[in-house]
Amino acid sequence: MVSLNILAVLGLFLSYLSTYVSPERFVYLAFFGVAYGMLLILNIFFIFFWLLVKKRLALISVIALAIGINHLRHYFEFLPTLGKDLEGSNTVKVVSQNVRLFGWYNWESNIEDRDWMMRNLELAQADIYCFQEFFHNTRPGTFETRELLKKTLGTRFLHEHYPVTVHGDQHYGIATFSKYPITNQGKIEFPKERSNICIFSDIIIGHDTLRVYNAHLASIRFSENDYKFLDELQNNEENKPAPDLSEGMGILTRLGNAYIKRANQITQITNHINSSPYQVILCGDFNDTPVSFTYGKASGILEDAFQNGGWGIGNTYRGTFPSFRIDYIFHSKDLKSDAYFKLQEEVSDHHAIGTTISWERDH
């Protein structure tokens, strides 16, 4: 049991290390990062086990957890903060969501799905909305989203970018809607990744300008067979043949490739943020958990809004894998965030998340 405990602690330390070592250098560490939740539970089990058997040995896992307390706080928030008095400060409410094309491919009810999502987003009463996997059809009367969102959300100003256009009228990309004027806009393109992009918008709020980044980082891109394998693995019944493990190797390869791509993408984004003339807000679908190199790079220079109002694991992804927090709102450390929230979702495979960000009027 001591040997098993030491192995569990080593796995935990490797998950900590995965936030500092780029997958471009050693991709296998990233797998320990995504396994952090299981390693955490395993070490908690050993703590309780040794408390019953030989108390002093519980220190093995207690010390390991104490060393990684910051990683634990990134992964699981224990004490949600209550709303603060923001009087005397400038404030802006921000919402971010991967909208999954507003259900465009659900032909039987895509109009109803789109309208439901828009009403849900309207309830947030935000000032800035950052959407990933945004879809707009320019054919009049066919699944319009852009102008309908402007009207529904009261957001006159828009920064949009479409890396992919099909049939000349179906546009797939990313969009930032704002109630405040957008005075400048640009994009960070990722080589060899057309479908992933980061845009930035300089938004004037009162006498101040904030730069809002809206990013969609590389997804794993599981195939239908991959999802079938995962389902069989989770629901394997007696008297049925075991899943073909060669399928699992394909999943590991796809995971590794995605980790490497995201490492490169977040490095480009953080380098760009470091040269920003304004305080920044970074929203997006990162496709990575809070114990990852991607998260470590962003949280190294910015503050995670989830830590100022979130509670529990705060999972944002509703799909098969991974059911973790992979969508984020970060902001400059000189800004403050409060009242983090998550909207319930029925259409997209991602929850919308939001927060209120404030700064001193004389900022």
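**Salt bridges and nonpolar cores**

Lys-150 is partly exposed, with a relative accessible area of 24%. This value falls between the cut-offs of 20% and 50%, so Lys-150 counts as neither buried nor exposed. The model is predicted. Glu-147 is also partly exposed, at 46% relative accessibility. Lys-150 and Glu-147 form a salt bridge, and their closest N and O atoms are 4.0 Å apart. Both residues belong to helix H7, which spans residues 146-153. They are three residues apart, or about one turn of the helix. Side chains of opposite charge can pair when their charged atoms come close. In the whole structure, the search finds eleven salt bridges.

A second salt bridge joins Asp-288 and Arg-262, with an N to O distance of 2.8 Å. This pair links distant parts of the chain, 26 residues apart. Asp-288 sits in the loop between strand E8 (279-285) and helix H10 (293-301). Arg-262 lies in helix H9, residues 245-274. Asp-288 has a relative accessible area of 6%, which is under 20%, and therefore counts as buried. Arg-262 is buried too, with a relative accessible area of 1%.

Asp-304 and Arg-325 form a further salt bridge, their closest N and O atoms lying 3.0 Å apart. Here again, distant parts of the chain are linked, 21 residues apart. Asp-304 is in strand E9 (residues 302-304), whereas Arg-325 is in the loop between E9 and strand E10 (327-332). Asp-304 is buried, at a relative accessible area of 2%. Arg-325 is buried as well, at 1% relative accessibility. Elsewhere, salt bridges with shared partners connect Arg-146, Glu-147, Lys-150 and Glu-160 in one network.

The nonpolar cores were examined next. In soluble globular proteins, nonpolar side chains tend to be buried together. The largest nonpolar core here has 28 residues. Within this core, Leu-12, Tyr-36, Leu-255 and Tyr-259 touch the most other members. Two or more residues each come from helices H1 (2-17), H2 (29-34), H3 (36-53), H4 (59-67), H5 (69-75) and H9. H3 gives the largest share, six residues.

Tyr-259 has contacts beyond its neighbours within four places in sequence. Its partners are Pro-23, Val-27, Ala-30, Phe-31, Val-34 and Asp-288. Asp-288 is also the salt-bridge partner of Arg-262. Another core lies apart from the largest one and holds 26 residues. Val-95, Val-99, Ala-126 and Phe-135 are among its members.

Key: Residues numbered from 1 in each chain as written. Predicted model: local features only at pLDDT ≥ 70, side-chain atom pairs only at ≥ 80, totals over all residues. Heavy atoms only, no water. Salt bridge = Lys/Arg side-chain N within 4 Å of Asp/Glu carboxyl O. Helix = DSSP H or I, 4+ residues; strand = E, 2+ residues; numbered from the N terminus. Buried < 20%, exposed > 50% of the residue type's maximum accessible area, 1.4 Å probe, protein only. Core = buried A, V, L, I, M, F, W, Y, C linked by side-chain atoms within 4.5 Å. Contact = heavy atoms within 4.5 Å.
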